Amino acid sequence: MHDLSLYLLDILENSVRAGATVISATIIADRRGDELSIHVEDDGPGLPVEPEQALDPFFTTKANKKTGLGLSLFRQAAEAAGGGLDVSRSRNLGGVSVHAWMRLGDVDRPPLGDVAASIATMVVTNPEIEFRIDLTDERSRTSLRGPEVPQRLAELVAFQEALP
């Protein structure tokens, strides 16, 4: 994967596949603290294995696949940019929590990519799921809920374009 929006899309798809009915995605860009944080959590059944095993590139819950590279590659990208990735049980929703953080200005940080398209795709193709999207930077905080996400795509686009 070449940009952060594709990692986000992969995690959102994992939540949908696991049977989540509520999925929360939070992206925080802290320029003063030089940190970018992406946090996704859901109300699904939780991990069927220990978190460290879920980060193993040779583990997957998908039938007919032998590898599960998404989380391990995301962790590698986050670590290369001075951060990390944590997988645990969601304290808020009870399912899985994936939290990645990295230095916002790090030369090795992957570009954000088209977060708006990734989120809109998931919302439009999964209308039965309640998506909660929160975007925060020094200038603004935007909260989008469920069916309003496609109508407010301009706010997602503005957020991603404002990042370095």
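Biologist: Which residue in strand 6 does Ile 133 stand opposite?

Modeller: Bear in mind that this is a predicted model. Strand 5 (residues 130–136) and strand 6 pair in the antiparallel sense, with five bridges between them. In that pairing, the residue facing Ile 133 from strand 6 is Leu 144.

Biologist: And what is the order of the six strands in the open sheet?

Modeller: The pairing in this sheet is mixed. Its edge strands, each pairing on one side only, are strand 3 (84–89) and strand 6 (141–145). From one strand to the next, the twist averages 10°. Reading across, the order is 3-4-2-1-5-6.

Biologist: Let's look at strand 2. How many bridges join strand 2 to strand 4?

Modeller: Strand 2 pairs with strand 1 in the antiparallel sense over eight bridges, and there Thr 26 has His 39 of strand 2 as its bridge partner. Strand 2 and strand 4 also run antiparallel, and Ser 37 has Trp 101 of strand 4 as its partner. The number of bridges joining strand 2 to strand 4 is six.

Biologist: Which residue in the turn between strand 1 and strand 2 has a positive phi?

Modeller: These two strands form a hairpin, and four residues lie between them. The phi in question is about 55°, and the residue is Asp 34.

Biologist: How many of the eight residues of strand 2 are buried?

Modeller: Helix 1 (residues 4–17) lies across strand 2, as well as strand 1 (22–30), strand 4 (96–102) and strand 5, and runs at about 15° to strand 2. Strand 2 is mostly covered, and its count of buried residues is six.

Biologist: Which element has the lowest mean pLDDT?

Modeller: The chain averages a pLDDT of 88, with 88% of the residues scoring at least 70. Strand 2 (residues 35–42) has the highest mean among the elements, at 97. Where pLDDT is low, predicted coordinates should not be read in detail. The lowest mean, 67, belongs to helix 2 (residues 51–54).

Biologist: What angle do helix 4 and helix 6 make where they pack?

Modeller: Their axes are 8 Å apart, and helix 6 covers residues 153–162. Helix 4 contributes Val 115, Ala 116, Ile 119 and Ala 120 to the contact, while helix 6 brings Leu 153, Leu 156, Val 157 and Gln 160. By class that gives seven nonpolar residues, one polar and no charged ones. The packing angle is about 145°.

Biologist: Is Ser 118 buried or exposed?

Modeller: Ser 118 sits in helix 4. Beyond its neighbours within four places in sequence, Ser 118 is in contact with Ser 5 and Leu 9, and a polar atom of its side chain lies 3.3 Å from the backbone oxygen of Ser 5. Its relative accessibility is 6%, which is under the 20% cut-off, so Ser 118 counts as buried.

Biologist: How far apart in space are Thr 121 and Leu 9?

Modeller: In sequence they are 112 residues apart. In space, going from C-alpha to C-alpha, the distance is 8.8 Å.

How values were computed: Residues are numbered from 1 along each chain as its sequence is written. This is a predicted model: local features need pLDDT of at least 70, side-chain atom pairs count only at pLDDT 80 or more; totals for chains, interfaces and linings use all residues. Side-chain values use heavy atoms; hydrogens and water are left out. pLDDT is the predictor's confidence in each residue, from 0 to 100. Axes are lines fitted to C-alpha atoms, for helices over the stretch in contact, and angles run from 0 to 180 degrees between N-to-C directions. Contact means heavy atoms within 4.5 Å. Ala, Val, Leu, Ile, Met, Phe, Trp, Tyr, Cys and Pro count as nonpolar, Asp, Glu, Lys and Arg as charged, and the others, Gly among them, as polar. Two strands pair if DSSP finds at least two bridges between them. Buried means under 20% relative accessible area, exposed over 50%, partly exposed in between (1.4 Å probe, protein chains only). A polar contact is a pair of N or O atoms within 3.5 Å; within protein, one must be able to donate a hydrogen and the other to accept it, and residues adjacent in sequence count only if both atoms are side-chain atoms.
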